[in-house]
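Here is a friendly briefing for anyone meeting this structure for the first time. Take a look at the sequence and the model, then read on.

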Amino acid sequence: MTHQWDTVIAGGLVFDGTGAPPVVEDIAIKDGRVAARGASLDRDQAGEVIEADGAWVMPGLLDIHTHLDLEVEFDPALKEVVRHGTTTVLMSNCSLGLAYGNQRRNGEDPLVDCFARVENMPKPVLRKVAEKASWTSSAGYFSHLDELPLGANVIPLIPHSMLRAQVMGLNGSVSRTAGEADLREMESLLEQAMAEGYAGFSTDSLPFHFLSEDPNRRVKIPSQFGQYKELKRLTSILRKHDRVWQATPPKDKPLAVFRNFLLTSGRLHGRPLKVTAVAALDVAANKSLKRLAMILSHLFNSPILKGHFRFQALAAPFKVFWDGPINPLAEEIPALREINELNLENVEGRKALLADPDFRARFSKMWMTGKSGFGLARLKRMLRMETLAFDRDFEQMIFHSGGPEIWTGESFQQVFDRYRAWRSDPAFARTSPEQAVFERLPDSAATEPGFMLALFSEFDLGLRWWTVSANRDPEVIRELINHPLTLPGFNDSGAHITNMAFYDGNLRALKLAQDEGLERVTSQIRRLTREPADFLGVKAGRIEIGDCADITVINPEALRAYDSEAGSTFIWREDYEHEQMVNRSDGVVKTVLVAGKPVYAEGDFTPAAGRTPLGRALRHESWSRGRSRPEAMAAE
């Protein structure tokens, strides 16, 4: 029997991503595209029927801040995002990516050097990626992505650090100022990439992003060396082509933040520049940052400046895990950065540093700054206006694993108090393993910094603990992700593989919306689908007739009961040969279709996942204009 349609998704509550009220209807799919929508379509005309009674049916969700450039080389199905209903991801954020291949020359290894510390990626994993990255141009990267059996759509950006390294060499890009010839070549390469369909360009100015290899372990990544005139010239190309600039701010330089982001102004520059910036977070140590982010958003988008500016927002507590002293937040703190400069396998180097009296003095001074005495530092801490993202609060630091089992789930303060009590009365030790640890700790562990140094010396990277450094208040999270001048989606998927996992960030946003009712769910789906797709200028986040059928089906009752924290876990990745922190939302997402084919269904991946090319490497929508129909369809 010949069927009119390949598939019908039947009886679901359909949210089309426009913000219009949802309706119960069927969706028919033919040749990977939405062929019909309506109540009670003839199911006999479909080769397959997906029952969606009681479920929410929506366009596939977008993750607008990822570093999945690496993941896609190991697992093109992108299973860790797809399983949570995400079908389109923006890659190559924060100035890092694979647009120009491995860029190995003259002994330089930019992928390893740039990614290892900034994204906390193990060097063996990065070297495997570099071996695969044999292309040498931005066009070659698109061709490579086009050939992969993608399970989700990917949107690559041109990364500034890699662009500078391509033109100046890695060492040159961090040791000398770009000359006029360098700037012209960067402009030429960026113009070429815009013609190839790239959606935009990413930069980085966060002051704690450093290279990881000699002789540059104390040198920041290349994007940090781009002067304002370089930034202005390159972003003018984006403005001309209506592409996106993804940026991280120089957070400790307020005037530079304002000057850089003022480039969004259509009033000053003749046409608005689309800017999406990291990130609107409610930082525990500095409550003023959230207010400042919102003030800047209103100002840049005001009729006075006529900008097109959006801070990204995370729909979750910013919970970060530490492997001993290793964590991305540690890079902001000079005394901790000294430890992070060492290779992960350099156990003896860390022991020697931790035993060094001068280092111990530097560490102790850092740790106690603002915690005692009088002065400006003390006042800033009391007012929650410190500059560091990590607030060094023992009450907020929680043991996960690696120490005595009794410590799991306890705060550092609890164990520290017990240790100090044990020093006068051994009966305070709760277990024999704890007693044994306490006996090995030096007398200096009776102070907070001494206790930290003793734990690092005792357990090294085996001690896993966590803290929530931002977004501790659920109501503030709700405010940020619902604000019309933010974009929810700062999920950082694919990076910091043992430090954090927000692959389910879109589901967390929907769960928060669900608490407020169906109207808010409708709005949030728009903000996770059509709104970011329109901002990026790509064909995604839609389920109108003729659109590529990227569709997510969600069980709302399972979503209501979903506990993301309970679903976060560590797994062993055979392809990485390394551990990874992930989320598991089993039962919440019923089905995910990409290009009309199920990739994930009823808690498992289909045979098509990672074997059949379903996802696309998306070009900017203007790229397909004037091209042949097959080329245009490929762009979508």
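D242 sits in the loop between α9 and β11 (244-247); helices (H or I, at least four residues) and strands (E, at least two) are DSSP runs, numbered from the N terminus. This is a predicted model, in which local features need pLDDT of at least 70 and side-chain atom pairs count only at pLDDT 80 or more, while totals for chains, interfaces and linings use all residues. Residues are numbered from 1 along each chain as its sequence is written, and side-chain values use heavy atoms, with hydrogens and water left out.

**Backbone features**

- D242 has a phi near 60°, a positive value in a residue other than glycine.
- With a relative accessible area of 30%, D242 is partly exposed; buried means under 20% relative accessible area, exposed over 50%, and partly exposed in between (1.4 Å probe, protein chains only).
- H496 also has a positive phi, of about 50°, although it is not a glycine.
- You will find H496 in the loop between β17 (486-488) and α21 (505-514), where H496 is buried at a relative accessible area of 4%.
- D214 and P215 are joined by a cis peptide bond, with omega about 5°, and P215 belongs to the loop between β10 and α9.
- The loop between β10 (200-202) and α9 also holds K220, which counts as partly exposed at 28% relative accessibility.
- K220 and C114 are 106 residues apart along the chain, and their C-alpha atoms are separated by 8.9 Å.
- Another cis peptide bond joins V278 and A279, with omega about -10°; A279 is in strand β12.

**The largest pocket**

- The largest pocket has a volume of about 900 Å³.
- On a 1 Å grid over the protein atoms alone, a pocket is an open set of points with protein on both sides within 12 Å along at least five of seven lines, and a cavity is a set of points where a 1.4 Å probe fits but cannot get out; lining residues have an atom within 4 Å of a point.
- Grid points are joined across faces, edges and corners, and a volume is the space filled by probe spheres set on the points.
- The largest pocket is lined by 45 residues, and the closest to its centre are L206, K251, V278, A279 and L289.
- Elements giving two or more residues to this lining are α10 (254-261), β12 (274-280), α12 (288-300) and β16 (464-470).
- Helix α12 gives the most to the lining, with six residues.
- By class, the pocket lining has 29 nonpolar, nine polar and seven charged residues; Ala, Val, Leu, Ile, Met, Phe, Trp, Tyr, Cys and Pro count as nonpolar, Asp, Glu, Lys and Arg as charged, and the others, Gly among them, as polar.

**Cavities**

- The structure holds three cavities of 30 Å³ or more, and the largest cavity has a volume of about 50 Å³.
- K319, A501, F502, R508, E565, S568 and M581 line the largest cavity.
- The lining of the largest cavity divides into three nonpolar, one polar and three charged residues.

**Salt bridges**

- There are 52 salt bridges in the structure, each being a side-chain nitrogen of Lys or Arg within 4 Å of a carboxyl oxygen of Asp or Glu.
- One of them joins the side chains of E577 and K128 (3.7 Å, N to O).
- E577 lies in the loop between β19 (568-573) and β20 (578-583) and K128 in helix α4 (residues 123-132), so this pair ties together parts that are 449 residues apart in sequence.
- E577 is exposed, with a relative accessible area of 53%, whereas K128 is partly exposed at 28%.
- Another salt bridge brings together the side chains of E230 and R164 (2.9 Å, N to O).
- This pair links distant parts of the chain, with E230 in helix α9 (residues 228-241) and R164 in helix α6 (residues 160-168), 66 residues apart.
- E230 is buried, with a relative accessible area of 3%, and R164 is buried at 0%.
- E531 and R526 form a salt bridge too, their closest N and O atoms being 2.5 Å apart.
- E531 is buried at a relative accessible area of 17%, while R526 is partly exposed at 26%.
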